Amino acid sequence: MKVKKSLFWLGMLFILVLAACGGNDSSTEPANNEAQAVEAVESSGDVKTLRLSIGVNEGHPQEIAAQKFKELVEERSEDFKVEVYHSGQIADDRTATEMLQLGSLEITIPSTSPVVNFVPEYGVFDLPFTIPNAEVADKVLDGPFGDKMLGLLESQNIVGLAWWENGFRQLTNNERPVATLEDVKGLSVRTMENEIHIDAWAALGANPTPIAFTELFAALQQGTIDGQENPYPNIEMSRFYEVQNYMSNTNHVYTPFVFLMSKPVWEEMTEEQQTLIREAAVEAGQYNREVNRQGDQESLDKLKEELEFTEISPEEIQRFRDAVAPVIEKHADAIGREIVEEYLAEIENQS
Ligand code: TK8
């Protein structure tokens, strides 16, 4: 409890420092975006513009569902105009989430993994080989556990409205086909900006390097790194097959997307408007899951034509699982032991 509390305050301090520094070290973009956002809201009279930022490309199941969200909101209310910005045009997941805290962006739908930098408990979703299939993911996320996780965002000036889906992650690389644990040894693999992913890939014998998704294609193209891991639709839509030769069905972790809204923006809305936005986020999220699950198989089929696909046997996957098991123990305290146990018990109950 004590540890958790001090972690919380440390986190708050970190956020405050980030906020004070403008939340970005490399460019002036967020400041510009902030100015644009304020202008967008003020200049449109009674109609409020909600800018929605995502990292994936046009045509990705998440982008298709974001358009669905726009459609639902705009047909149900005259109060809002939704603008979808894909491909990280506004910012990468982590920066976009910081912008929500400052009220300089209205909506983003990041993978949960960068959200760990704001709410450590989100690390449960990064624990490898825990969610066995999409049905269990739905039950865990749509039940009381998922609601509780959404609630934890409030302290960060963010409102969590719904669970969408990025999906099961798979390994691609440029060096060799990966059929066994030994094949992973020495591969430099890009991970998300998340300590658990970094440790999991190190435990598998790889050299993990955290890089923002927006920088990933160039890093693969320039050969700075050998490989990366993402769900099939993302590998296809981001055209990673153009700069990667091998792919294996590692299925090592399920990543949800979480629909986030800026709390300062949320608080300016009437209750009726909040209900409308929440319902549209949930409905578009259901649609996102449908499109994504169909897209997962379609993308796999297409990718098999573009790169060499290696099926890893269930016995071999068990060896991967054993290799990363200590990572769960290592991170349990940082995530919060109680929440880890609750998460694992919930998966067990729903399986
Ligand atoms: C898109 C990200 C991305 C994620 C990653 O913004 O960084 O690898 O899988 O899809 O959320």
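Asn 251 is located in the loop that runs between strand S9 (246–248) and strand S10 (254–262). The model is predicted.

**Residues with positive phi**

- Although Asn 251 is not a glycine, its phi is positive, at about 45 degrees.
- The relative accessible area of Asn 251 is 34%, so this residue is classed as partly exposed, since the class covers values between 20% and 50%.
- Phe 129, also not a glycine, has a positive phi of about 55 degrees.
- Phe 129 belongs to the loop between helix H5 (112–115) and helix H6 (134–142).
- Phe 129 counts as buried because its relative accessibility is 11%, and the limit for that class is under 20%.

**The ligand site**

- The residues surrounding the ligand are Gly 55, Val 56, Asp 93, Ser 111, Asn 166, Arg 169, Arg 190, Met 192, Phe 213, Asn 230, Asn 234 and Phe 257.
- This shell consists of four nonpolar, five polar and three charged residues.
- The largest cavity is the space that the ligand takes.

**Polar contacts and burial of the ligand**

- In the side chain of Asp 93, an N or O atom is 2.7 Å from an oxygen atom of the ligand.
- For Arg 169, a polar side-chain atom is placed 2.9 Å from a ligand oxygen atom.
- For Asn 234, the distance from a polar side-chain atom to an oxygen atom of the ligand is 2.6 Å.
- The ligand taken alone exposes 310 Å², of which the protein buries 97%.

Terms used: Residues are numbered from 1 along each chain as its sequence is written. This is a predicted model: local features need pLDDT of at least 70, side-chain atom pairs count only at pLDDT 80 or more; totals for chains, interfaces and linings use all residues. Side-chain values use heavy atoms; hydrogens and water are left out. A residue is near a molecule or strand if one of its heavy atoms lies within 4 Å of it. A polar contact is a pair of N or O atoms within 3.5 Å; within protein, one must be able to donate a hydrogen and the other to accept it, and residues adjacent in sequence count only if both atoms are side-chain atoms. Accessible areas come from the Shrake-Rupley method with a 1.4 Å probe; for residues, only the protein chains shown count as cover. On a 1 Å grid over the protein atoms alone, a cavity is a set of points where a 1.4 Å probe fits but cannot get out, and a pocket is an open set with protein on both sides within 12 Å along at least five of seven lines; lining residues have an atom within 4 Å of a point. A molecule sits in a cavity or pocket if more than half of its atoms lie within 2 Å of its grid points. Ala, Val, Leu, Ile, Met, Phe, Trp, Tyr, Cys and Pro count as nonpolar, Asp, Glu, Lys and Arg as charged, and the others, Gly among them, as polar. Helices (H or I, at least four residues) and strands (E, at least two) are DSSP runs, numbered from the N terminus. Buried means under 20% relative accessible area, exposed over 50%, partly exposed in between (1.4 Å probe, protein chains only).
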